Amino acid sequence: MTLDDLATLRQEAERSLERVHDLESLQAWDRDVIGAKGSLTAFLRGLGKASPEDRPALGRAANDVKTALVTAFDARKAELQSAALDARLATDAVDVTLPGRKPTIGVDHPVSQMIRELSDIFALMGFQTAFGPEVETGHYNFDLLNIPSDHPARDVWDTMIVDTPNSEIVLRTHTSPMQARVMEKTTPPVRVIVPGRVYRYEAQDASHEWMFHQLEGLAVDERITLADLKGVLREMARQLFGPNRRIRFRCDFFPFVEPGVDFAVDCMICNGAGCRVCKQTGWLEMGGAGMVHPSVLEGVGYDSEKYTGFAFGLGIDRIVMQRYGINDVRAFAGNDLRFLQQFAVASR
Ligand code: DAH
């Protein structure tokens, strides 16, 4: 046990530390040299056997060696740890400068946007918005609307029938059945609009879908006249298409109104002069309307001598098509995101 032995021990320990290239072998080195059973620890323990004259110098030197080796160990450990971290970062590399992935936020369908807009417009005129069933009974879809089973008008609505054994169940062909449903639950005055899907068994083309959207309107009270109907529709047209819009009524027949009309708004593009949007007619066809037929009022138990009312039904899809210049109604239910995403801006 000499200073030379100590110097050799130190040299060997330092050399083998140089050969350590990972944390695992560093641990082994720790165990072999400075750990409880390491060579340096054994040397320190053996000091008791050294001669009393040599002991102090040997002890000091051994402690110096220990300090040096522990320091070298710590430095090597830090080095290896940071190298290990670098390696992990290099393999799991994330480029934090890349733009984040945009979450896809849903937007309202353009038809839904229009329904909301129309609800707002009619709310200002005192109309509530109601929604009704899309699967309807023949009773509401036809009978209460003055369209009895043998009435030829029943053929006009090419109806999709739900296959049921006893009762007549249909996909509603119009929003009009809600007229009776609302009146049955209300004592006049009634002021309601009913937007929603309707179904007809129809060949599809650019302007026909077997599912489309209507908005029904109904007002019943004492002394309601055709002038009220015209005023309400004109106001709707002004709110939708801008000031100075005019409304045109022409005679038409619907079994549940008397008199019945079709109504149109003068074209907001050409102010009625004729253009591509209105197909040179100057008018945009909106739907049907009229004064609620006395039989319809009586059918829900209203006194038709006391109450009168107007009703109208308009096509929502066509209004949206005109507003955005959409030339194919099939785009609405086609589920093409490129089409739908164009309306993201409009709804925010
Ligand atoms: N329900 C009719 C249709 O689908 C439209 C309609 C016409 C509704 C006249 C009405 C009305 O309320 O008064 O063709």
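Leaving aside neighbours within four places in sequence, with which residues is N141 in contact? In this predicted model, local features need pLDDT of at least 70 and side-chain atom pairs count only at pLDDT 80 or more, whereas totals for chains, interfaces and linings use all residues. Residues are numbered from 1 along each chain as its sequence is written, and side-chain values use heavy atoms, with hydrogens and water left out.

N141 belongs to helix 6, which covers residues 138–141; helices (H or I, at least four residues) and strands (E, at least two) are DSSP runs numbered from the N terminus. With neighbours up to four places away set aside, N141 is in contact with E136, I147, V170, R172, T173, H174 and P177, a contact being heavy atoms within 4.5 Å. The relative accessibility of N141 is 0%, so N141 counts as buried; buried means under 20% relative accessible area, exposed means over 50%, and partly exposed lies in between, with a 1.4 Å probe and protein chains only.

The protein chain as a whole contains 11 helices and 10 strands. Its radius of gyration is 44 Å, whereas a compact globule of 348 residues would have a value near 20 Å; the radius is taken over C-alpha atoms, and the globule rule is 2.2 Å times the number of residues to the power 0.38. Along the principal axes, the C-alpha trace of the protein chain spans about 135 × 50 × 40 Å. Buried residues make up 42% of the 348 in the protein chain, and, among contacts between residues at least 6 apart in sequence, 66% join residues at least 24 apart. The accessible surface of the protein chain comes to about 19900 Å², with 52% of it belonging to carbon and sulfur atoms; such areas come from the Shrake-Rupley method with a 1.4 Å probe, and for residues only the protein chains shown count as cover. There are 39 positive and 48 negative side chains in the protein chain, and the centres of the two sets lie 6 Å apart. For this count Lys and Arg are positive and Asp and Glu negative, while His and the chain ends are not counted, and the place of a charge is taken as NZ of Lys, CZ of Arg, CG of Asp or CD of Glu.

Helix 3 (residues 39–46) has L40, T41, F43 and G46 as its buried residues, and what covers them includes helix 1 (3–18), helix 2 (23–33) and helix 4 (55–91).

Q214 is placed in strand 6, residues 211–221, and counts as buried because its relative accessibility is 12%. A polar atom of the Q214 side chain lies 2.9 Å from the backbone nitrogen of T175; a polar contact is a pair of N or O atoms within 3.5 Å, where, within protein, one must be able to donate a hydrogen and the other to accept it, and residues adjacent in sequence count only if both atoms are side-chain atoms. Beyond residues up to four places away in sequence, Q214 touches H174, T175, V194, P195, G196, V198, R200, L314 and I316.

The loop between strand 6 and helix 8 (226–241) contains R223, and T225 is found in that loop as well. R223 has a phi near 65°, a positive value in a residue other than glycine, and counts as exposed because its relative accessibility is 70%. T225, by contrast, is partly exposed, as its relative accessible area is 38%. The side chain of T225 reaches the backbone nitrogen of A227 at 3.1 Å, and T225 is in contact with M291 and F310 when neighbours within four places in sequence are left aside. T225 and D205 are 20 residues apart in sequence and 38 Å apart in space, C-alpha to C-alpha.

Further backbone features concern phi and omega. N271, in the loop between strand 8 and strand 9 (283–292), has a positive phi of about 55° although it is not a glycine. A cis peptide bond with omega of about 5° joins P188 and P189, and the bond from E258 to P259 is also cis, with omega near -5°. Most residues other than glycine have a negative phi, and most peptide bonds are trans.
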